[in-house]
Amino acid sequence: MLKYLLHYPQPIIEQAQHLITEDRLGAWLLNKYPEQHDVRNNKALYDYTMALKNQYLRKSAPLNKVLFDGKISQMHQALGLNISRTMVHGGKLKARKEIRIGALFQHAPEAFLKMIVVHELAHLKEADHNKSFYQLCCHMEPNYHHLELDTRLYMTQLEVFGDIYSR
Ligand SMILES: [Zn+2]
């Protein structure tokens with residue numbers, strides 16, 4: 001039930017378990033993050049992502065596409081997806097980069113959207129979840145680790161009780 005939290009210290013897992021047992025996780029999240037973002041479509045998501053990229057990762061590979069993808073299942077790919085494709089274009093090999101964000105982030109607080117966009121942008125430079133990957137995430141969003149935990153709590157909420165933001 002708490003598979004999104006497996007790598008966290010025991011006290012955090014116990015706190016989450018406690019909120020779930022008392023059926024208070026949704027209320028806890030809504031109290032902490034009452035507002036949904038208004039990045040509702042792929043165009044707005046592209047602009048949102050490019051604004052962050054231009055601020056922090058101007059020199060990394062250009063991004064061809066950013067979109068919400070309903071086929072990214074919460075269960076398996078959990079967060080987002082980074083796709084690199086090499087395409088033949090005009091006789092030359094051209095790298096195309098796209099970022100797909102799970103549809104669960106379409107109706108969510110801005111903090112969670114920012115966390116996942118920062119995460120996927122950092123993958124443009126670092127393929128693995130290593131130390132420099134997380135340093136880059138924290139450079140773009142100093143509160144990154146906190147937001148990743150809360151996003152995982154939100155995913156737990158979705159799985160155990162259902163959505164609290166989709167309206
Ligand atoms: Zn990742």
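How many aromatic pairs does the structure hold? The count is five, in a model that is predicted. The legends below take the close-ups one at a time.

**View 1. Tyrosine 134 and tyrosine 144 form a tilted aromatic pair.** The two ring centres sit 6.1 Å apart, and the planes make an angle of 50°. Because tyrosine 134 belongs to helix H5 (residues 131–140) and tyrosine 144 to helix H6 (residues 144–160), the pair ties together parts that are 10 residues apart in sequence. What about burial, for anyone setting up a surface calculation? Tyrosine 134 is partly exposed, at a relative accessible area of 23%, whereas tyrosine 144 is buried, at 0%.

**View 2. Ring pairs join Tyr33, Phe112, Tyr154 and Tyr165 into a cluster.** Here, look for the four side chains linked through their rings: Tyr33, Phe112, Tyr154 and Tyr165.

**View 3. Glutamate 141 sits in the loop between H5 and H6.** A polar atom of the glutamate 141 side chain lies 2.9 Å from the backbone nitrogen of asparagine 143. Leaving aside residues up to four places away in sequence, glutamate 141 touches Lys114, Val118 and Leu147.

**View 4. Lysine 97 is a buried residue of strand S3.** The strand covers residues 92–102. With a relative accessible area of 16%, lysine 97 falls under the 20% cut-off and therefore counts as buried. Which distance is worth checking in this view? From C-alpha to C-alpha, lysine 97 and lysine 65 are 6.8 Å apart in space, while 32 residues separate them in sequence.

**View 5. Three histidines coordinate the zinc ion.** Histidine 119 and histidine 123 are both buried.

Technical notes
Residues are numbered from 1 along each chain as its sequence is written. This is a predicted model: local features need pLDDT of at least 70, side-chain atom pairs count only at pLDDT 80 or more; totals for chains, interfaces and linings use all residues. Side-chain values use heavy atoms; hydrogens and water are left out. Rings of Phe, Tyr and Trp (its six-membered ring) pair if their centres lie within 6.5 Å; planes under 30 degrees apart count as stacked, over 60 as edge-to-face and the rest as tilted. Helices (H or I, at least four residues) and strands (E, at least two) are DSSP runs, numbered from the N terminus. Buried means under 20% relative accessible area, exposed over 50%, partly exposed in between (1.4 Å probe, protein chains only). A polar contact is a pair of N or O atoms within 3.5 Å; within protein, one must be able to donate a hydrogen and the other to accept it, and residues adjacent in sequence count only if both atoms are side-chain atoms. Contact means heavy atoms within 4.5 Å. Donors are N, O and S atoms within 2.8 Å of the metal (3.2 Å for Na, K and Ca); water is not among the atoms, so sites may look incomplete.
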